[in-house]
Amino acid sequence: MHPASSQRIIATIEARMTSTRLPGKVLMPLAGTPALARMIDRLRHTSFLDGIVIATTTNATDDPIVALAERLGVGVFRGSEEDVLGRVVGAARSAKADIIVELTADCPLMDPRVVDRGITEFFEHPCDVAANVIRRSYADGLDVQVYATSLLASVAEQTQDPLDREHVTRYVYQREGRPYRIHHWGIDGAYAWPELRITLDERDDWRLIDAVFEALLPSNPVFSYEEIVDFLRTRPDLVALNAHVIPKTV
C-alpha cells in the first residue's frame, strides 16, 4: 500500500522517436530489449505506483512507441510534440491520476526503489513538488519529480511560454514569487555521483548503459542504483565512454 492509498499515483514517461541527438533512442536495444521496455519492466517493481502511461506524440514516427506500449499493456497518450506540458497533463488525466511521477524515456536505468522514495518524500513533507533534479546528487539518469495532477493542470492554464510548454516543470522552478513549495531530496555518501551520466542522449551513452545491463542483469534482473554505482566504480573505462557528452540545459 502506498503512502496515500486513497490517491491514484501514475508514472508518466515522456517518449518520442525524433530525438535530435539520437533519433529512435527510446527503442534502441539494451541487452537485446528496447530501452523503453527495459524501463517499463523496472518500473513494474515499484511498491507504490498504480499505473504507467507513455506520453508520446501524434507523429506517425511514434507509432512504434504506441505499439510497444500496447504490447506491454501500459497506457499511452498522444499529444503535441512541442507542448510537452500539455501532453503530460493529458497523459495523467487519461489515467485518472491524482499524483504524477514525471519520468522521461531517456532514463532506462531508473531504479524502482528511487521512484518509491520520491513518492514517499512527497507525502512525508509539506510540498507541491518533491524532486531530485535541481540539487543533483544521484547520477544523471535517475530523475524523479512527484506532484499533484492539479498542480500541473494549473500551471498549464497559467503559461503559454514555449519554454514552459516544452520543459514541464520550468514554470514551477524558475518563476520568482510563485507560491510553490519545492522539496529537494537526494543521496549522500559514497553513492552520491552527480557527475555520472547514465542517461540516454547520445550513442556513447547507449554504449555505457548497454554495458551496465549486460553486466548486471544476469545476477539481479532488478539491480539497484547502488549496484550500478558499485559496478561502475570498478570500470572507469566504461565511465569514460560518455564523459565528453555535454548535458542539455534549459
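Predicted model: local features only at pLDDT ≥ 70, side-chain atom pairs only at ≥ 80, totals over all residues.
Strands here are DSSP runs of E, at least two residues, and helices are runs of H or I, at least four residues, numbered from the N terminus. Two strands pair if DSSP finds at least two bridges between them.

As to the sources, residues are numbered from 1 along each chain as its sequence is written, and local features need pLDDT of at least 70, while side-chain atom pairs count only at pLDDT 80 or more and totals for chains, interfaces and linings use all residues. Side-chain values use heavy atoms, with hydrogens and water left out.

Strand β4 (residues 51-57) runs parallel to β5, joined by five bridges; Val53 has Gly75 of β5 as its bridge partner. Contact means heavy atoms within 4.5 Å. Angles run from 0 to 180 degrees between N-to-C directions, and axes are lines fitted to C-alpha atoms, for helices over the stretch in contact.

I turn to the helix pair. The axes of α3 (residues 84-94) and α5 (residues 149-158) come within 10 Å and cross at roughly 145 degrees. Residues in this contact include Leu85 and Val88 of α3 and Leu152 and Val155 of α5.
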